[in-house]
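Dear colleague,

I am handing over a structure that you have not worked with before, and below it you will find a short account of what was found. Please read the account with the model open beside you.

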Amino acid sequence: MELARNQGKPVLMDFWATWCQPCREMEVQLWSRTDVVALASKFVCLRVDVDRHPEIAQRYRADALPSVVLSDPWGTEIARREGFSRADEYLGILRAMPGDFSEIGPWQARLAANRRDPQALREIGLAYHRMKLFQASTVFLEKALARSEVRSQPEVLAEVLTVIGWNSLKIGNFKSAKKTFERCLKDVPTHRALDVTVYGLFAAHLAAGERQEAEPLLHRLES
């Protein structure tokens, strides 16, 4: 992890075993491909033999083999895949992973000094949202939301809730998105990015097939 932090690169951990037939198939069909070798250069790559390093496998919950875990340089899990049938199942997550986490470094340093630093939690969450790492973004923003310093500032509270709502919307959790946007509109009825919140709620209702609930929000946006 130290190398990953120094280089600002994400980490790719490949959990395997010598007796694992799907692991051998993945080695031939995925890891040996020239395009995947080039793609892997944006990661710090670790191959973990679960028989030789069971403690690492246990730490990362690598119960099925093969397992591939992608994390940021500080160990926050971003994505994982288990088993192997087609190379395409892995190519998508490898391509989607950002290759540069250096902007997170200063905020992670602050977080290392104080795990409850509300500004660091918020800034990391917002950065992950910009990087389209929506689930990781929500993890940090929900921790920020637990801090009274965030809840006591209406504009900051509205920003955090709105981004959490959009994170839920982006990953297809429409129920959670609606609940979060509605909370934002209730707790902070007026704020600078009000249209973004209202549009998020409109989009969540529309995505859930709730056109009747979406229409008043559209009229509100148009007025």
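Domain bounds here come from an automatic or database domain assignment, and on that basis the protein chain is divided into domain 1 (1–96) and domain 2 (104–222). This is a predicted model, in which local features need pLDDT of at least 70 and side-chain atom pairs count only at pLDDT 80 or more, while totals for chains, interfaces and linings use all residues. Residues are numbered from 1 along each chain as its sequence is written, and side-chain values use heavy atoms, with hydrogens and water left out.

The C-alpha centres of the two domains lie 30 Å apart, and the contact (heavy atoms within 4.5 Å) takes four residues from domain 1 and seven residues from domain 2. The buried area, meaning the accessible area (1.4 Å probe) that two parts lose on being put together, summed over both, is about 490 Å² between domain 1 and domain 2, and carbon and sulfur atoms give 70% of it. On the side of domain 1, W74, T76 and I78 supply 82% of the area buried against domain 2, more than any other three residues. Across this interface the rule for salt bridges (a side-chain nitrogen of Lys or Arg within 4 Å of a carboxyl oxygen of Asp or Glu) finds zero.

Turning to aromatic rings, the structure holds seven aromatic pairs, where rings of Phe, Tyr and Trp (its six-membered ring) pair if their centres lie within 6.5 Å, and planes under 30 degrees apart count as stacked, over 60 as edge-to-face and the rest as tilted. One of them joins F101 and Y128 edge-to-face, at 6.0 Å centre to centre and with 70 degrees between the planes.
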